[in-house]
Amino acid sequence: MSGKDFSWRRLTQQAEGLLSVSRDRISNAANLSALLYQELADVSWVGFYLLDGEILRLGPFQGKPACVSINLGKGVCGTAAVSGQAIRVADVDAFDGHIVCDADARSELVVPLFRNGQLLGVLDVDSTSLDRFTREDEEGLIAVVEVYLSSIV
Ligand code: SME
């Protein structure tokens, strides 16, 4: 559903350039959220939840105001964080325990952030369209997350 000129390869290269100027995890999370929100079609929210003790706390994001904290194991974000796997939800209403931040969100893609085996948080992308995210989107977002993780100290 992305524009016809869209390519994850190009977006990954853009992320590499954008994130090469800083090694700060918050600055780079902020710029990456902005890049993804700008470049991905049909996306209503892009943002980070960063691990603080046992809680995922809202970090840099683009979109409407969102839930400020998520317990590990809860919602799509908390489940992805605990499982260590990306989660692609075609229909959020069908995901048991989905946390509603925006009532209009219909599908969601969450990639956990692990660095040297340590959980840092998750990157969450939402859409108001059902089944917005493909397997290619999942693989593309994982590649972009790798760029982010390599960019920070
Ligand atoms: N829906 C998410 C919560 C975060 S918001 O979508 C921004 C979840 O179930 O974890």
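Reader: In which cavity does the ligand sit?

Author: This is a predicted model, in which local features need pLDDT of at least 70 and side-chain atom pairs count only at pLDDT 80 or more, while totals for chains, interfaces and linings use all residues. Residues are numbered from 1 along each chain as its sequence is written, and side-chain values use heavy atoms, with hydrogens and water left out. On a 1 Å grid over the protein atoms alone, a cavity is a set of points where a 1.4 Å probe fits but cannot get out, and a molecule sits in one if more than half of its atoms lie within 2 Å of its grid points. By that test, the ligand sits in the largest cavity.

Reader: Which residues come nearest to the ligand?

Author: A residue is near a molecule if one of its heavy atoms lies within 4 Å of it. There are 13 residues around the ligand, and those that come nearest are Val76, Cys77, Ile99, Glu108 and Asp126.

Reader: Which element gives the most residues to the shell around the ligand?

Author: Helices (H or I, at least four residues) and strands (E, at least two) are DSSP runs, numbered from the N terminus. At least two residues of the shell come from each of strand 1 (45–52), helix 3 (75–83) and strand 6 (118–127). The element that gives the most, with 3 residues, is helix 3.

Reader: How much of the ligand's own exposed area does the protein bury, and what polar atoms face the ligand?

Author: A polar contact is a pair of N or O atoms within 3.5 Å; within protein, one must be able to donate a hydrogen and the other to accept it, and residues adjacent in sequence count only if both atoms are side-chain atoms. A backbone N or O atom of valine 76 lies 3.0 Å from an oxygen atom of the ligand, a polar backbone atom of isoleucine 99 is 2.7 Å from a ligand nitrogen atom, and a polar side-chain atom of aspartate 126 is 2.7 Å from a ligand oxygen atom. Accessible areas come from the Shrake-Rupley method with a 1.4 Å probe, and for residues only the protein chains shown count as cover. Taken alone the ligand exposes 300 Å², and the share of this that the protein buries is 98%.

Reader: Is histidine 98 buried or exposed, and which side chain does its own side chain contact?

Author: Histidine 98 is found in the loop between strand 4 and strand 5, and it counts as buried because its relative accessibility is 16%, where buried means under 20% relative accessible area, exposed over 50%, and partly exposed in between (1.4 Å probe, protein chains only). Leaving aside neighbours within four places in sequence, histidine 98 is in contact (heavy atoms within 4.5 Å) with Gly75, Val76, Val92 and Glu108. The side-chain partner in a polar contact of 3.2 Å is glutamate 108.

Reader: Which side chain joins that of arginine 88 in a polar contact?

Author: Arginine 88 lies in strand 4 (residues 87–89) and counts as partly exposed, because its relative accessibility is 34%. Not counting residues up to four places away in sequence, arginine 88 touches Glu108, Leu109, Phe133, Thr134, Arg135 and Glu138. A polar atom of the arginine 88 side chain lies 3.3 Å from the backbone oxygen of phenylalanine 133, whereas the side chain that joins that of arginine 88 at 2.8 Å belongs to glutamate 138.

Reader: Which backbone oxygen does the side chain of arginine 115 reach?

Author: Arginine 115 is in strand 5 (residues 107–115). Leaving aside neighbours within four places in sequence, arginine 115 is in contact with Arg25, Leu120, Leu149, Ile152 and Val153. The backbone oxygen that its side chain reaches, at 2.9 Å, is that of isoleucine 152.

Notes. 1 Å grid on protein atoms, 1.4 Å probe; cavity = no way out; pocket = protein on both sides within 12 Å on 5 of 7 lines; lining within 4 Å.
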